[in-house]
Amino acid sequence: MTLAVQISQHGGPEALQVVDVQVGDPGPGQVRIRHRAVGLNFIDVYHRTGLYPLTMPAGIGMEGAGVIEAVGEGVTHLKVGDRAAYASNPPGSYAEARVMPAMCVCRLPDAIAFETGAAMMLKGLTAQYLLKKARPVEGLEPGDFVLFHAAAGGVGLIACQWARALGLRLIATAGSDAKCQLALANGAAHAINYRNEDFAARVKDITGGQGVKVVYDSVGKDTWDGSLDCLRPFGLMVSFGNASGPVPPFAPAALGAKGSLYVTRQTLFTHIRTREATQAMADELFAVVASGQVKIHIAQRYALTDVQQAHRDLEARKTTGSTILTLP
């Protein structure tokens, strides 16, 4: 028996229950991994609340790192004893150990600690596809302005550093002056506290009235309209989250009136739908972290048994950088 966090119904943090579960042997295409640390992400809140519904009872958590304990038939890229890390469906990483599909599990380089691996896979792979794949029709070149909301979070701090390494001028938004300073310290060229400033007006000031080529938005409802106003003609609005709630329906004609804009709704799991794609993206992430160009900031640690408090703090915007759950 091993400890795992499960929900039996959608709801608030109190729905998260620590239970004993039986972990069996992996079947074909699967591995059993014993976690050393587990990552916390806002998508976990969406699963818990039912914004992204799950079949009950359900595990929670999409990201972790540990040691491979057993390998199922047909798995050739991993072996027993390998250090490994992943961002993967189905949910279930909030556990001491689990059996899961091997496709998105990658060997973790010796130079990267387990806690770092657990804190960076979902967030780092998200930053990778945003900056490298979700690109405007006119492309991105060194010196170009981009806007990144919630830049003091786990994805945001990675994106600030990675954008700087690519020569991009990232304009960060965050909900406090302290969070803005954190974004600036991690490579943002400018930072805007959107709780007391009109971020769209500030973006126009910063860019000399031109606007940005791309907006990366995981906030959703509260920033949507202002984000569209930040884009230059033919700019790209990249929606990849709903922290403030889902974006309401909008008239496509508004995109034409605002400069023939493009809109896309992205999810990591489309990008990592094959073993080859997952490994290629992970290799880029491992390289930029190992080089020191991107540092993974683990600002909060909670015991697995304190998972309810971890979710409360995440939803209350009390966290910065990456958060992990530690194992007994």
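For the charge count, Lys and Arg are taken as positive and Asp and Glu as negative, leaving out His and the chain ends. Each charge is placed at NZ of Lys, CZ of Arg, CG of Asp or CD of Glu. On that basis the protein chain carries 30 positive and 28 negative side chains, with the centres of the two sets 3 Å apart.

The model is predicted: local features need pLDDT of at least 70, side-chain atom pairs count only at pLDDT 80 or more, and totals for chains, interfaces and linings use all residues. Residues are numbered from 1 along each chain as its sequence is written, and side-chain values use heavy atoms, without hydrogens and water.

Turning to overall dimensions, the radius of gyration over C-alpha atoms is 20 Å, which agrees with the value near 20 Å for a compact globule of 328 residues; the rule is 2.2 Å times the number of residues to the power 0.38. The C-alpha atoms fill a box of roughly 60 × 40 × 35 Å along the principal axes. Of the 328 residues, 56% are buried, meaning under 20% relative accessible area with a 1.4 Å probe, protein chains only.

As for secondary structure, the chain has 10 helices and 16 strands, which are DSSP runs of H or I with at least four residues and of E with at least two, numbered from the N terminus.

Conventions: Buried means under 20% relative accessible area, exposed over 50%, partly exposed in between (1.4 Å probe, protein chains only).
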